Amino acid sequence: MGAETQRFEKEFAAFTGAKHAFAVSSCTAALHIAHTALGAKPGAQIILPSLTFIATVNTVLATGAAPVFADVESLDNWCISARTVESLLSPNTVGLVVVHYAGYPANMTDIVELCKERNLYLIEDCAHSPGAYWKGVHTGRFGQFGCFSFFSNKNMTTGEGGMIITDDDELAKKAQLLRSHGMTTMTWQRHKGHASSYDVIELGYNYRIDEIRSALGIVQLSKIAESNKRRAKLVAEYRKRLINVPNLFIPFAEHPGQSSYHLFPVLLNSEIDRDSIIDRMKEKRIQTGVHYPAAHLFTYMRSRLGTKEGLLPLTEKIAKSVLTLPLFPDMKIEHVEMVVGALTELLSK
Ligand SMILES: *Cc1c(COP(=O)(O)O)cnc(C)c1O
């Protein structure tokens with residue numbers, strides 16, 4: 001956590017407009033810090049999506065609090081919304097986690113209003129959304145904390161890594177303590193001779209990033225606006241070419257936010273056997289993915305939380321038939337055409 005990390009944090013804060021930014025070892029670490037700093041504990045309920053990577057859920061469970069799963073807004077908008085959250089509120093609800101799925105911001109106007117009205121804390125899981133904005137404001141700035149991932153397959157990467165942002169000075173101090181063992185001084189300060197001893201005033205962890213990753217992050221950050229633009233262009237090309245392909249629906253057609261285009265997911269008709277499409281695409285040397293299996297239906301969640309099929313009709317429908325198509329900044333239009341050609345052939349049969 002030396003000069004490179006401090007520069008990375010300063011530049012990431014400037015990029016998002018946040019007052020504080022702390023680089024961490026992963027988005028999972030950032031989410032755990034966020035819930036812990038906000039006081040999540042056994043007995044508390046936290047509302048979150050099921051159509052997400054499992055870290056969104058596990059970091060709630062790690063605090064002893066209970067995750068409560070909300071469905072997505074619609075077949076077109078695969079984020080949770082104030083409407084889908086509202087019916088789940090209970091006297092034990094303390095907070096909410098929003099995921100800007102695939103890089104498309106959730107409707108933060110309504111969600112912020114609901115959180116204020118009901119006195120709930122708000123954490124944004126921004127693993128998909130560096131460079132994504134809602135009404136001109138960067139994602140991660142609407143609640144108490146925004147948590148970003150720099151894992152290898154995200155829009156910007158340090159191999160492993162993450163960032164936590166906040167505008168709140170008190171929460172910033174807590175986040176900093178939790179990142180490094182609850183210790184009052186940092187290795188860097190001691191190294192510079194500014195401090196020789198320290199106290200421990202919180203239960204903290206080693207969630208630090210290192211200088212090598214931060215150096216990578218600085219360069220990655222300088223490229224993200226350009227690479228997101230490239231992703232936007234590729235998604236537009238996909239959309240144009242997929243219009244007449246049968247048995248396929250493309251979400252986020254009329255999205256009002258500015259996306260970071262992390263993923264390009266499509267929804268197959270429910271009668272289509274997705275696994276066989278994935279295999280056939282693979283035979284054509286095209287890798288596809290599934291984002292995501294419904295979190296509430298994993299074995300661990302079923303046994304710990306008692307969740308089962310039927311809880312979230314839209315999420316379950318999407319999880320069963322979503323197919324993520326290749327999307328990366330260096331992708332060429334010919335690649336898009338190749339993917340569309342392969343899908344057209346497989347889905348027209
Ligand atoms: C990747 C991802 C995470 C976890 O990020 P790590 O940096 O790998 O810990 C959390 N939430 C979502 C939605 C993700 O896609």
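Trainee: How do you know that the side chain of Thr 16 reaches the backbone nitrogen of Ala 18?

Mentor: The distance is 3.4 Å, and a polar contact is a pair of N or O atoms within 3.5 Å, where within protein one atom must be able to donate a hydrogen and the other to accept it, and residues adjacent in sequence count only if both atoms are side-chain atoms. The side chain of Thr 16 also reaches the backbone oxygen of Ala 13, at 3.3 Å. Keep in mind that this is a predicted model, in which local features need pLDDT of at least 70 and side-chain atom pairs count only at pLDDT 80 or more, while totals for chains, interfaces and linings use all residues. Residues are numbered from 1 along each chain as its sequence is written, and side-chain values use heavy atoms, with hydrogens and water left out.

Trainee: Why does Thr 16 count as buried?

Mentor: Its relative accessibility is 4%, and buried means under 20% relative accessible area, against over 50% for exposed and in between for partly exposed (1.4 Å probe, protein chains only). Thr 16 is found in helix 1, where a helix is a DSSP run of H or I with at least four residues and a strand a run of E with at least two, both numbered from the N terminus.

Trainee: Which residues is Thr 16 in contact with, leaving aside its neighbours within four places in sequence?

Mentor: They are His 138, Arg 141, Phe 148 and Ile 165, contact meaning heavy atoms within 4.5 Å. Of these, His 138 is 122 residues from Thr 16 in sequence, yet the two are 5.5 Å apart, C-alpha to C-alpha.

Trainee: Why is the pair of Phe 8 and Phe 150 called tilted?

Mentor: Rings of Phe, Tyr and Trp (its six-membered ring) pair if their centres lie within 6.5 Å, and planes under 30 degrees apart count as stacked, over 60 as edge-to-face and the rest as tilted. That rule gives 14 aromatic pairs. For Phe 8 and Phe 150 the centres are 5.5 Å apart and the planes at 45°, which is tilted. Phe 8 lies in helix 1 and Phe 150 in the loop between strand 8 and strand 9, so the pair ties together parts that are 142 residues apart in sequence.

Trainee: What makes the pair of Tyr 104 and Phe 252 stacked?

Mentor: The ring centres are 4.0 Å apart and the planes at 5°, so the pair is stacked. Both residues are buried, and they belong to one aromatic cluster together with Phe 53, Trp 78, Tyr 101, Tyr 261 and Tyr 292.

Trainee: Why is helix 2 described as largely enclosed?

Mentor: Nine of the 11 residues of helix 2 (residues 27-37) are buried, so the rest of the structure largely encloses it. The buried residues include Cys 27, His 32 and His 35. At the N-terminal end, Ser 26 caps helix 2 with a side-chain oxygen 3.3 Å from the backbone nitrogen of Thr 28.

Trainee: What lies across the interface of domain 1 and domain 2 in terms of polar contact?

Mentor: The chain is divided into domain 1 (3-220) and domain 2 (224-348), with bounds from an automatic or database domain assignment. The rule finds 20 residue pairs in polar contact across the interface, both residues at pLDDT 80 or more. It finds zero salt bridges there, a salt bridge being a side-chain nitrogen of Lys or Arg within 4 Å of a carboxyl oxygen of Asp or Glu.
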